[in-house]
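Student: I have a new structure to look at, and I would like to learn how to read it. Could you walk me through it?

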Amino acid sequence: MKKCSKCGTENSKDAAFCENCGSPLNENKKEENISISEGNIEPVNRRSKKAPGNKKILAMMVAIIVIIMAIVWGGGSFI
């Protein structure tokens, strides 16, 4: 019998998933063999993408440059 590590249900020995909660029943779990100490934990940077505010600033700068170029190249005669 295999015992589910999540809900504790006893499952048949050939079961791959818990009959109660559906969790995988792995006999050789690598997670249980990992020791965690403060020395081997590295912080995870979850803000790898640029902030959405940067896109707005970039769009505004491009718009201003386009307007300035239109005024300079157009000679300002469209007013």
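**Reading the features**

Tutor: Gladly! Let's start with one cysteine: Cys21 sits in the loop between S2 and H1. Keep in mind that this is a predicted model.

Student: How many disulfides does a search of the whole structure find?

Tutor: Here is the general idea. A disulfide is a covalent bond between the sulfur atoms of two cysteines. In this structure, the search finds zero disulfides. Cys18, for instance, is in no disulfide, and the nearest cysteine sulfur, that of Cys7, is 3.5 Å away.

Student: Are Cys18 and Cys21 buried or partly exposed?

Tutor: Look at relative accessibility: under 20% counts as buried, over 50% as exposed, and partly exposed is in between. Cys18 has 5% relative accessibility, so Cys18 counts as buried. Cys21 has a relative accessible area of 38%, so Cys21 is partly exposed.

Student: How does that idea look for the protein as a whole?

Tutor: Of its 79 residues, 10% count as buried. The accessible surface of the protein is about 7,600 Å², and 58% of that belongs to carbon and sulfur atoms.

Student: Could you show me a buried residue and its surroundings?

Tutor: Not counting residues up to four places away in sequence, Asn11 touches Met1, Lys2, Cys4, Phe17, Cys18, Glu19, Asn20 and Leu25. Take Met1 from that list: Met1 and Asn11 are ten residues apart along the chain, and their C-alpha atoms are separated by 5.5 Å. The side chain of Asn11 also reaches the backbone oxygen of Thr9 at 3.0 Å.

Student: What does the side chain of Lys2 reach?

Tutor: The Lys2 side chain reaches the backbone oxygen of Ala15, at 3.0 Å. Lys2 is in strand S1, and Lys2 is buried because its relative accessible area is 16%.

Student: And where does Ser23 lie?

Tutor: Ser23 is in the loop between strand S2 and H1. With a relative accessible area of 11%, Ser23 is buried. Its contacts, not counting residues up to four places away in sequence, are Cys4, Lys6, Ala16, Phe17 and Cys18.

Student: How should I read contacts across the protein as a whole?

Tutor: Look at how far apart in sequence the partners are. Among contacts between residues at least 6 apart in sequence, 4% join residues at least 24 apart.

Student: Last one: which residues make the nonpolar surface patch?

Tutor: Ile64, Ile65, Ile68, Met69, Val72 and Trp73 make the patch, with an area of about 660 Å². Met69 is found in helix H1. At 34% relative accessibility, Met69 counts as partly exposed.

Notes:
Residues numbered from 1 in each chain as written. Predicted model: local features only at pLDDT ≥ 70, side-chain atom pairs only at ≥ 80, totals over all residues. Heavy atoms only, no water. Patch = residues over 30% accessible without salt bridge, like charges linked within 9 Å, V, L, I, M, F, W, Y side chains within 5 Å. Areas by Shrake-Rupley, 256 points an atom, 1.4 Å probe, with all protein chains shown as cover. Salt bridge = Lys/Arg side-chain N within 4 Å of Asp/Glu carboxyl O. Helix = DSSP H or I, 4+ residues; strand = E, 2+ residues; numbered from the N terminus. Buried < 20%, exposed > 50% of the residue type's maximum accessible area, 1.4 Å probe, protein only. Disulfide = S-S within 2.5 Å. Polar contact = N/O pair within 3.5 Å; in protein donor to acceptor, adjacent residues only side chain to side chain. Contact = heavy atoms within 4.5 Å.
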